[in-house]
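Hello,

Here is the structure I promised to pass on. Please open it first, then read my notes below.

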Amino acid sequence: MIISTPLAFGTWSSFWLFGTGNHFMNASIYTTRLYAYLILGAVITLTESPRALLMNLHVRFNLSNTFVYGILAALNLLEQVKHQIKIIQYAAQLRGIKYHLWSPQLYLKTILSANYWANDLTNAMHSHGFSEGYPRTEVEKQSWPLLQIGLLIIIFLLFNSVLFLS
């Protein structure tokens with residue numbers, strides 16, 4: 001929430017200075033909308049593991065198998081990517097070069113390293129029985145995320161009560 005403070009201030013000041021109609025009301029509405037979306041996103045994503053969330057989205061909204069398992073594979077590779085970035089930075093420091101996080105050379109070398117992993121990842125998915133375009137058997141039936149739905153309704157009611165009381 002603290003990280004979003006500059007965004008909220010920018011939204012508020014933009015509508016306050018350049019908006020039409022009731023400047024204060026529009027600035028307040030759009031700033032609270034920003035926080036409402038942030039809280040909603042946090043409630044949905046932070047209360048479940050990424051695997052459970054993706055599987056729930058797969059079951060409820062019929063996301064494709066390729067998309068869901070591709071995102072899961074990418075999430076599982078994040079630790080290896082972080083480790084690879086440290087190795088690349090360390091190797092560059094041995095040569096007297098300093099790569100910062102905004103350095104394009106660092107990202108190019110990381111992408112090239114990840115390109116090697118792509119073939120291994122494809123082979124691993126095929127060896128575990130994943131075939132693109134073919135139906136998969138669904139084992140687990142998941143319940144509706146009642147906590148998230150309840151919090152969404154509460155946020156929606158609070159947001160609308162703020163709008164109508166103003």
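This is a predicted model: local features need pLDDT of at least 70, side-chain atom pairs count only at pLDDT 80 or more; totals for chains, interfaces and linings use all residues.

How do α3 and α4 run relative to each other, roughly parallel or roughly antiparallel?

Start with the two helices. Helix α3 covers residues 50-61. Helix α4 covers residues 65-94. They pack at an angle of about 175°, and their axes are 10 Å apart. Angles over 145 degrees count as roughly antiparallel. Therefore α3 and α4 are roughly antiparallel to each other.

Next, the residues where they meet. From α3 come Pro50, Arg51, Leu54, Met55 and His58. From α4 come Asn65, Val68, Tyr69, Ile71, Leu72 and Leu75. By class, this contact has 8 nonpolar, 2 polar and 1 charged residues.

Look at Leu54 in particular. Leu54 sits in helix α3. Its relative accessibility is 10%, and buried means under 20%, so Leu54 counts as buried. Setting aside residues up to four places away in sequence, Leu54 touches Val68, Ile71, Leu72 and Leu75. Leu54 and Val68 are 14 residues apart along the chain, and 6.2 Å separates their C-alpha atoms.

Now the nonpolar core. Which residues make up the largest one? There are 5: Ile85, Ile88, Ala92, Tyr99 and Leu106. Helix α4 gives the most to this core, with 3 residues. Ala92 is one of the core residues. Leaving out neighbours within four places in sequence, Ala92 is in contact with Ile97 and Tyr99.

Best wishes

Definitions and conventions. Residues are numbered from 1 along each chain as its sequence is written. Side-chain values use heavy atoms; hydrogens and water are left out. Axes are lines fitted to C-alpha atoms, for helices over the stretch in contact, and angles run from 0 to 180 degrees between N-to-C directions. Helices (H or I, at least four residues) and strands (E, at least two) are DSSP runs, numbered from the N terminus. Angles under 35 degrees count as roughly parallel, over 145 as roughly antiparallel, 65 to 115 as roughly perpendicular and the rest as oblique. Contact means heavy atoms within 4.5 Å. Ala, Val, Leu, Ile, Met, Phe, Trp, Tyr, Cys and Pro count as nonpolar, Asp, Glu, Lys and Arg as charged, and the others, Gly among them, as polar. Buried means under 20% relative accessible area, exposed over 50%, partly exposed in between (1.4 Å probe, protein chains only). A nonpolar core is a set of buried Ala, Val, Leu, Ile, Met, Phe, Trp, Tyr and Cys residues joined through side-chain atoms within 4.5 Å.
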